[in-house]
Amino acid sequence: MTHNTPLSPRPLRHLSEIHRRVMTAAQLKSHGVATAEMNEQCRPGGPWQQLLPGVLLLHPGPPTGEERLHAALMYASRERTPGVPAQPNAGEEHGAPAYPEVMITGLAALTLHGFSATPPLTALDTVDVLVPRMRRLRSAGCARILRTSALPTPRQVTGIPVAPVPRALADAVAELTDASAVRRLLTEAVRGGHCEPASVVRELNQAKLLGRPHVVDAVDSLLAEGRAIAEDRLYAMVHEHGLPDPVWNVDLRLPGGPHLGGLDAYWPEQAVAVELDTRAPRQEEDALWSEYSRKRETLERLGITVVHITPKKLRDGTEQQAAVVRTALMAAADRDPAAYVVVLPR
């Protein structure tokens, strides 16, 4: 028997090309290949090789990046219940997930999401795989097993389940000690439009990574980058949707009285304000939200309408947010005049 010999009378047409090159021992047995035959094919210099425990590469030479990913997923999927071998791609043809309850995360996931600051798949020493916390599974070979009590919903990238960018970032950052590398990843996540800063900081906080100085520095840069991008989107929204020009980045004060707070945009004639909600979900989130709420309540008591807009809403629903602001401006004529306030540059 050679690596070109049919495995059994059962045809392989139902398998994808990648699953004809990487298979579990259980799958090979289901195609009529005995354990002794597998061992013979995987002998030194033989046509097959064992990539991971119970996972075989059905050709000589180094595996491709795609083959390593599928091998790691097969290894993590092969025994979901102790003593019951799973078939990772059995049922794939019927639309079922090929790899239930496992997904690629960390640097490999970011590479699949299209990051340029991460190494190519073939250059990664390990492939991180996220599995449920209760799984009895150890890291082996190129597969590093990471456990979580709450699996996120994966994204399918070229048929591979991949952790969402914020979770993949947190898992990657947990293994990095280079401050510049962390900063590059976080910056690309926001600048490349992969996600918003708040979702990244939330994952880093849940992973208890915000106590690391090099991560905190990178997060500060991330938040500054995210605010700058959100401000640019706010400028674009005003101009592209024909809203009247506001005064930008101002502080409001009562005449001879206290400071009322800073605003990103303000229409004095209509007494309408826009404030970008760029809070990061950290330990002090409740205190920050209380500050936002107090400012909003104070301004609204003075007759000023405050529209809060998150960076995510600006990115995903610009037209809808423009309509909210336009409605507030049009409704100004039906409201009582606002109290006089002093507008100062911020």
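What share of the contacts in the protein with a separation of 6 or more is accounted for by residues 24 or more positions apart? The share is 60%, where contact means heavy atoms within 4.5 Å.

**Figure 1. Overview of the predicted model.** The structure is a predicted model, in which local features need pLDDT of at least 70 and side-chain atom pairs count only at pLDDT 80 or more, whereas totals for chains, interfaces and linings use all residues. Residues are numbered from 1 along each chain as its sequence is written, and side-chain values use heavy atoms, with hydrogens and water left out. The protein has 12 helices and 13 strands; helices (H or I, at least four residues) and strands (E, at least two) are DSSP runs, numbered from the N terminus. Of the 346 residues in the protein, 46% are buried. Here buried means under 20% relative accessible area, exposed over 50%, and partly exposed in between, with a 1.4 Å probe and protein chains only. The accessible surface of the protein comes to about 17,300 Å², and carbon and sulfur atoms contribute 51% of it. Accessible areas come from the Shrake-Rupley method with a 1.4 Å probe; for residues, only the protein chains shown count as cover.

**Figure 2. The open sheet of 5 strands.** The strands follow the order E12-E11-E10-E9-E13, and their pairing is mixed. Two strands are taken to pair if DSSP finds at least two bridges between them. Strand E12 (305-309) and strand E13 (342-345) stand at the edges; each has a single partner strand, so one side of each is left without a neighbour in the sheet. From one strand to the next, the twist averages 45 degrees. Axes are lines fitted to C-alpha atoms, for helices over the stretch in contact, and angles run from 0 to 180 degrees between N-to-C directions.

Figure 3. Strand E11 (residues 272-276) runs parallel to E12 and is joined to it by 5 bridges. Valine 272 stands opposite threonine 305 in E12, and alanine 273 stands opposite valine 306 in E12. Helix H12 (residues 318-330) packs on the sheet, where it touches strand E10 (259-267), E11 and E12. The direction of H12 makes about 175 degrees with that of E12. Strand E12 is mostly covered, as 4 of its 5 residues are buried.

**Figure 4. The open sheet of 3 strands.** In this sheet the order is E1-E3-E2 and the pairing is antiparallel. E1 and strand E2 (49-52) are the edge strands, each pairing on one side only. The twist averages 40 degrees from one strand to the next. Over 3 bridges, E1 pairs with strand E3 (residues 55-57) in the antiparallel sense; the bridge partner of valine 22 in E3 is leucine 57. Threonine 24 has its place in strand E1 (residues 22-24) and counts as buried at 2% relative accessibility. Threonine 24 and serine 77 lie 53 residues apart in sequence, with a C-alpha to C-alpha separation of 10.0 Å in space.

**Figure 5. Packing of helices H6 and H7.** Helix H6 (residues 165-173) packs against helix H7 (residues 179-191) at an angle of about 175 degrees, with their axes 11 Å apart. That makes H6 roughly antiparallel to H7; angles under 35 degrees count as roughly parallel, over 145 as roughly antiparallel, 65 to 115 as roughly perpendicular and the rest as oblique. Val165, Leu169, Ala172 and Val173 of H6 make the contact with Val182, Leu185, Leu186 and Ala189 of H7. Threonine 187 is found in helix H7 and counts as buried at 16% relative accessibility. Not counting residues up to four places away in sequence, threonine 187 touches Gly192 and Glu225.

**Figure 6. Helix H8 and its surroundings.** Pro197, Ser199, Val200, Val201 and Leu204 are buried in helix H8 (residues 197-206). The cover over the buried residues of H8 includes H6, H7 and helix H9 (213-240). Lysine 208, which follows H8, has a positive phi, near 60 degrees.

Figure 7. Cysteine 142 has 13% relative accessibility and counts as buried. Cysteine 195 is also buried, with a relative accessible area of 5%. A search of the whole structure finds 0 disulfides, a disulfide being a pair of cysteine sulfur atoms within 2.5 Å.
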